Amino acid sequence: MNIKELHEECGVFAVQGNREAATMTYYGLHALQHRGQESVGIAVLTEDQKINCIKGEGLLTEVFADPKKLQSLVGDTSIGHVRYPTNSSRGVLNAHPIVVATTDESIGIAFNGALTNATELKIRLEKNGSVFHTHGETELLGHLIRRCQGTFLERLKKSLLEIEGAYSYVLLHNTGLYVARDPNGIRPLSMGKLSTGGYVFASETCAFDIVGAEFIRDVEPGEIITIQNGEVISTFLETKCTHALCSMEYVYFSRPDSDLEGKNVHAVRKRSGIELYKEAHVDADIVIGVPDSSISAAIGYAEASGLPNEMGLIKNRYIGRTFIQPTQELRERGVRMKLSAITSIVKGKRIILIDDSIVRGTTSKHIVALLRTAGAKEVHMRVASPEFKYPCYYGVDATDPRELLAQHHETNEEMREYIDVDSLAFLSPAGLIKATEHEGSRGANCGLCMGCFTNKYPTNIKFDEAV
């Protein structure tokens with residue numbers, strides 16, 4: 001759970017071929033709200049081939065509190081987005097979808113991920129006359145498309161070949177819906193079919209259940225999909241595409257009822273807890289998982305160890321995810337509001353505290369203090385992922401290594417002292433790969449991006465520009 005000190009890259013949803021497209025998108029975004037809580041937007045392609053978009057800052061239910069807003073979005077093709085921005089790209093202007101309207105076409109773009117060559121592209125485009133109206137990276141694709149010749153699909157493909165990094169795009173155009181996933185498949189994107197007709201796409205499969213869609217398959221790395229006359233048209237950016245799904249999707253970001261690359265998130269997290277027990281067991285009385293994303297790993301650890309799995313921490317359900325807060329002060333205040341220890345459970349007990357990850361460490365330090373104040377005899381922290389030691393350049397707000405606990409506390413003992421636990425252990429990279437069951441299945445990278453743990457990234461990183 002300590003990764004909630006970070007903010008993640010957002011969530012996208014799209015519907016094609018259903019008269020209730022905007023409503024479907026609303027419910028799909030509701031299932032993806034955990035991926036971003038700062039802003040939300042929905043756009044539809046109208047019968048006269050225009051794009052109608054409504055977006056705003058806040059939660060989905062806040063932005064669309066007035067039913068008339070959703071009712072005004074009429075069309076059978078829709079895209080939507082929930083977002084957590086960086087501090088430099090806050091405000092409704094930067095909320096997605098971004099709509100690019102010209103005399104001959106309209107393009108709506110929603111995006112999940114991060115582009116590692118965004119600065120380079122923006123400088124080049126500005127030198128050639130482009131004027132940007134937003135501070136994020138999403139608008140880049142619109143400018144690139146407008147500078148290409150050919151059909152929209154041809155222009156989209158040419159433009160995506162200029163982009164480096166991690167992305168899942170959903171786009172509206174006069175000619176319909178287009179979706180695309182980066183050649184390494186770092187950001188997730190799945191495809192489903194509605195029982196009432198039409199297709200849906202989402203960052204996570206948990207969004208399919210709420211709209212009554214059947215999962216068909218994951219969008220492949222480097223794939224562009226469009227639907228024409230009910231037929232799925234697929235093309236690929238490159239002949240060499242690999243699977244390097246962000247491992248943090250399994251560890252923290254995705255909902256436990258989602259399936260990623262054919263693996264259920266809850267099952268992966270539970271296996272992570274089992275592997276953690278095998279690698280770093282310690283004598284104790286009870287196992288406690290930090291709510292919510294660590295609960296599955298705690299179940300696995302408790303089952304493997306034979307110890308009781310207790311609810312020693314209570315989460316206030318009316319407080320949003322604290323990783324969503326833009327400053328460290330707000331994050332820490334959010335944790336204090338969000339969690340409390342159950343004294344009658346933890347008092348006098350030797351506790352194994354299971355967390356999914358440790359990034360900056362301040363949240364872990366506070367949680368341990370809660371347990372000690374409640375009378376815990378010992379607190380042994382076990383983390384169901386490796387040390388988060390290196391920056392992420394693909395959409396997670398951890399580009400500054402100086403902020404990472406494992407960077408400025410070089411030894412396990414230094415980290416243990418800072419967090420104030422009796423012992424501290426992390427799951428090994430091999431243990432995480434084993435838990436995901438990607439081991440050896442898709443080449444040397446085992447189908448995962450492990451860059452934040454191993455410093456080995458699936459793309460070339462221009463470090464002087466990415467930081």
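**Entry 1: S190**

I looked up S190 and found that S190 lies in strand β9, residues 190-194, where helices (H or I, at least four residues) and strands (E, at least two) are DSSP runs numbered from the N terminus. I am working on a predicted model, in which local features need pLDDT of at least 70 and side-chain atom pairs count only at pLDDT 80 or more, while totals for chains, interfaces and linings use all residues. I also note that residues are numbered from 1 along each chain as its sequence is written, and that side-chain values use heavy atoms, with hydrogens and water left out.

Is S190 buried or exposed? With a relative accessibility of 2%, S190 counts as buried, where buried means under 20% relative accessible area, exposed over 50%, and partly exposed in between, using a 1.4 Å probe and protein chains only. I then listed what S190 touches, leaving aside residues up to four places away in sequence, and among them are V200, F201, T205, F208 and D218; contact here means heavy atoms within 4.5 Å. For F208, I noted 18 residues of separation from S190 in sequence and 9.3 Å in space, C-alpha to C-alpha. The side chains of S190 and D218 make a polar contact of 2.7 Å, that is, a pair of N or O atoms within 3.5 Å, where within protein one must be able to donate a hydrogen and the other to accept it, and residues adjacent in sequence count only if both atoms are side-chain atoms.

**Entry 2: D356**

I next placed D356 in the loop between β21 and α13 (362-373), and with a relative accessible area of 2% D356 is buried. D356 and S294 are 62 residues apart in sequence, yet their C-alpha atoms are 5.1 Å apart in space. The side chain of D356 has a polar contact of 2.5 Å with the side chain of S293, and another of 2.7 Å with the side chain of S357.

**Entry 3: helix α10**

Which residues of helix α10 (residues 295-305) are buried? I found S296, A297, A298, G300, Y301, A302 and S305. What covers these buried residues includes α9 (265-280), β17 (286-289), β18 (309-310), β21 (350-355) and β22 (378-383). After α10 comes G306, with a positive phi near 80°.

**Entry 4: salt bridges**

Side chains of opposite charge can pair when their charged atoms come close. How many salt bridges does the structure hold? I found 21, a salt bridge being a side-chain nitrogen of Lys or Arg within 4 Å of a carboxyl oxygen of Asp or Glu.

I looked at the pair D104 and R146, whose side chains meet in a salt bridge at 3.0 Å, N to O. D104 lies in the loop between β5 (98-101) and β6 (106-115) and R146 in helix α5 (residues 138-146), so this pair ties together parts that are 42 residues apart in sequence. D104 is exposed at 53% relative accessibility, whereas R146 is partly exposed at 33%.

E261 and R181 form a salt bridge too, with the closest N and O atoms 3.0 Å apart. Since E261 lies in the loop between β15 (259-260) and β16 (263-264) and R181 in strand β8 (residues 176-181), the pair ties together parts that are 80 residues apart in sequence. E261 counts as buried at 11%, and R181 is buried at 2%.

Finally, I noted that R35, R187, E204 and E249 are linked in a network of salt bridges.
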